[in-house]
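Please view the sequence and structure first, then read the notes grouped by topic below.

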Amino acid sequence: MTGRLVGHRTIVTGGARGIGGRIAATLAGEGADVVILDRLVAEGSHCAKEIGGRYLEVDLTDAESAEAATIEAVGLLGGVDILVNCAGIFSRTELVDLTISEWDRLFAINVRAMLTTMQVAARSMIPAKTGRIINLASMAAKKGGAHEAAYAASKAAVVALTRSVAYEWGPHGITANSICPGYVLTEMGAGTRTPELIASWEAMSPLGRLATTDDVAGVALFLALPASGYLTGQAFNVTGGMVTH
Ligand SMILES: NC(=O)c1ccc[n+]([C@@H]2O[C@H](COP(=O)([O-])OP(=O)(O)OC[C@H]3O[C@@H](n4cnc5c(N)ncnc54)[C@H](O)[C@@H]3O)[C@@H](O)[C@H]2O)c1
């Protein structure tokens, strides 16, 4: 720890495990005061304890609960300087079988929850004339993918939403960027992976491997630091070269 984020009040949604958990730990490791918002009570409490942060239980697909929990988190922190939206879900469905309820289920957490947390955070960031917003999209936002149309569309929406935030809140000193990881072997989609599939993914990267949670957390940390203060409206690939646009 070098203390580069000491005093930075930080909210991480989906920080109970996986990529969000690693980002929460990385930012806390630099001294950030972190509140995790997640629906997984055991994992969220454990992660918060490990990093010296706090945890609030919330199902972010419920708009009222999402707003109330974010307001509570801002209150606990006494404001918010950094908001990282990681909470999300994946689904693999053939397009002809994709139901409206499945589509809505993905968009409710992957996109709409993000809108709510950003609106609440902005009430604190705009008067303070500073803030960093970091939203988890996916390389699926840029390339799409067979059997993941709803997921890819929701992540493309994240990229467009984040760009719009950058334009609208930039004059208030707020930056907003999205991160587009490639494949990371977290719990997400664990049941849909075979060794053959993983090998085919590894072969897609010029680096010959998949992303780790640390690969993604390193980019999130950079986007939270003063060094990245002139970056906004961008969608950063963390794909080992699988996607380059
Ligand atoms: N794993 C990958 O390959 C990959 C690739 C690209 C992008 N992403 C994105 O990164 C983010 C984190 O994914 P991950 O791989 O760490 O998955 P994960 O399943 O390990 O973590 C997701 C977290 O979000 C939380 N969450 C989900 N729905 C919630 C809800 N309704 N309310 C509150 N919390 C909720 C979960 O409890 C969990 O802690 C997601 O937005 C995902 O789409 C992941």
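**Overview**

The protein chain exposes about 11,000 Å², of which carbon and sulfur atoms supply 55%; accessible areas come from the Shrake-Rupley method with a 1.4 Å probe, and for residues only the protein chains shown count as cover. The model is predicted, so local features need pLDDT of at least 70 and side-chain atom pairs count only at pLDDT 80 or more, while totals for chains, interfaces and linings use all residues. Residues are numbered from 1 along each chain as its sequence is written, and side-chain values use heavy atoms, with hydrogens and water left out.

**The chain as a whole**

- The protein chain contains 8 helices and 7 strands, where helices (H or I, at least four residues) and strands (E, at least two) are DSSP runs numbered from the N terminus.
- Its radius of gyration is 17 Å, close to the 18 Å that the globule rule gives for 245 residues, so the protein chain is as compact as a globular protein of that length. The radius is taken over C-alpha atoms, and the rule is 2.2 Å times the number of residues to the power 0.38.
- Along its principal axes, the C-alpha trace spans about 45 × 40 × 40 Å.
- Of the 245 residues, 49% are buried (under 20% relative accessible area, with exposed over 50% and partly exposed in between; 1.4 Å probe, protein chains only).
- Among contacts with a separation of 6 or more, 70% join residues 24 or more positions apart; contact means heavy atoms within 4.5 Å.

**Strand E6**

- All 8 of the 8 residues of strand E6 (residues 174–181) are buried, so the strand is largely enclosed by the rest of the structure.
- Ile174, Ala176, Ser178 and Cys180 point one way from E6, and Thr175, Asn177, Ile179 and Pro181 point the other way.
- Strand E5 (residues 131–136) pairs with E6 in the parallel sense over 6 bridges, pairing requiring at least two DSSP bridges between two strands. Gly131 stands opposite Ile174 in E6.
- E6 also pairs in the parallel sense with strand E7 (residues 235–238), over 4 bridges. Here Pro181 is opposite Val238 in E7.

**Thr2**

- Thr2 lies in the segment before strand E1 (9–13) and, at 59% relative accessibility, counts as exposed.
- Leaving aside neighbours within four places in sequence, Thr2 is in contact with Gly29 and Glu30.
- Thr2 and Gly29 are 27 residues apart in sequence, and their C-alpha atoms are 8.0 Å apart in space.
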